[in-house]
Amino acid sequence: MGIYSCLGKNLDEVTASLRAGKSGIGIDPKRIEYGYRSPLTGILERPVLKGILDRRSRVCLPEQGEYAYMATAEALKNAGIDQEYLENNEVGVLYGNDSSAKAVIDAHTTAMEYKDTQMMGSGAIFQSMNSTVTMNLSTIFKLRGINLTISAACASGSHAIGLGLMYIRAGWQDMVICGGAQETNYLSMGSFDGIAAFSTRIDDPTKASRPFDRDHDGLVPSGGAATVILEEYEHAVKRGAPIIAEVLGYGFSSNGVNISQPSDAGSIIAMERALKDAGVAAKDIDYINAHATSTVQGDQLEAKALDKLFAEYRTPISSTKSMTGHECWMAGASEIVYSNLMMLNSFIAPNINFENPDEYSQNLNIVNQTQEKNIDTYLSNSFGFGGTNSALVIKKFRNTK
């Protein structure tokens, strides 16, 4: 697996941030100039790819594609997969991405300035398409398997992993690069800010994202990219892969209600389907990485769903979005990486800023301080606009041979 986020540029940096409960949220001055109600965002640097990728590759990559390249390069290295392997074996890519706003706006601005579409440049089309991440990753790494972008709002990264599981189970692929990417530039988030979705707690940015807390007032946008390498078990063993975990189950549902309204019933269906697919019961889950974004309605309805399924077992729950903000299209993938890092290092990262429960979260075992704990099996939730829900059950790999 690989990660590039506001918590760090690699797995080691991110592990340290998770254990410390360190927030990656700050203020973007460009958002103030642009007219945002809230200038809060996850803070991360653009990677410098000159000298790493050729000019043509760099021209075709949008911001989120750069993050995806960094996360994927780390994941491939950690999986023991080099370029020769990729060129001699069929490897697919399923990646979550649901916008490429800056590339579209930049191309439009250029055309309006020069009254000449040729001035947009040859990379504009490849940066601006929703499939930009998978088309670029497949080209850079010379992939020859399934090549598909998953656009499912804030569940995109999770659905990508779930579909990767299904492709492998069906015998269509032995290995799939899965993940999610999200641009963080100010042009990508104005419409969210326009519907008052963001926290305005700008006096202390690190306190702004407050999943499940009574005093939450909205989410904080963030981004980056996360990649996991999914591989059929016997195939992985044969090549001596360093196996981390097993994707046991994938659950999904659609709420079928208002386009922006979450649903406790839809959440329950996705979680129950994931548990059934995994062949485990609710009592077998050692940790839950909740979707909880720090919005009032979303947190309350997820809390109701979690209460119904897990409250009696006192299952430990936290939302890493308290530290990262909402990483949107990447969140479903990054939260698998975050949870895997906790599992590998035997701790639960805290739901920071959880100080006062409300009537919905008061029955849940929400971890607000770093907790040392062995995690064998966990559940990760991802829900998105349009009522798309995804849940994944992951189990730690133990070599019993």
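Tutor: Gladly! Let's start at Tyr95, whose bridge partner in S6 is Gly179. This is a predicted model, in which local features need pLDDT of at least 70 and side-chain atom pairs count only at pLDDT 80 or more, while totals for chains, interfaces and linings use all residues. Residues are numbered from 1 along each chain as its sequence is written, and side-chain values use heavy atoms, leaving out hydrogens and water.

Strand S4 (residues 92–96) runs parallel to strand S6 (residues 175–182), and five bridges join them. Strands here are DSSP runs of E with at least two residues, helices are runs of H or I with at least four, and both are numbered from the N terminus; two strands pair if DSSP finds at least two bridges between them.

Now step back to the sheet around them. It is open, with five strands in the order S1-S7-S6-S4-S5 and mixed pairing. At its edges lie strand S1 (2–5) and strand S5 (147–150), each pairing on one side only. Neighbouring strands are turned by 15 degrees against each other on average, direction ignored. For such angles, axes are lines fitted to C-alpha atoms, for helices over the stretch in contact, and values run from 0 to 180 degrees between N-to-C directions.

Finally, look at what rests on the sheet. Helix H8 (residues 132–140) packs there, touching S4, S5 and S6, and its direction makes about 150 degrees with that of S4. Contact means heavy atoms within 4.5 Å.
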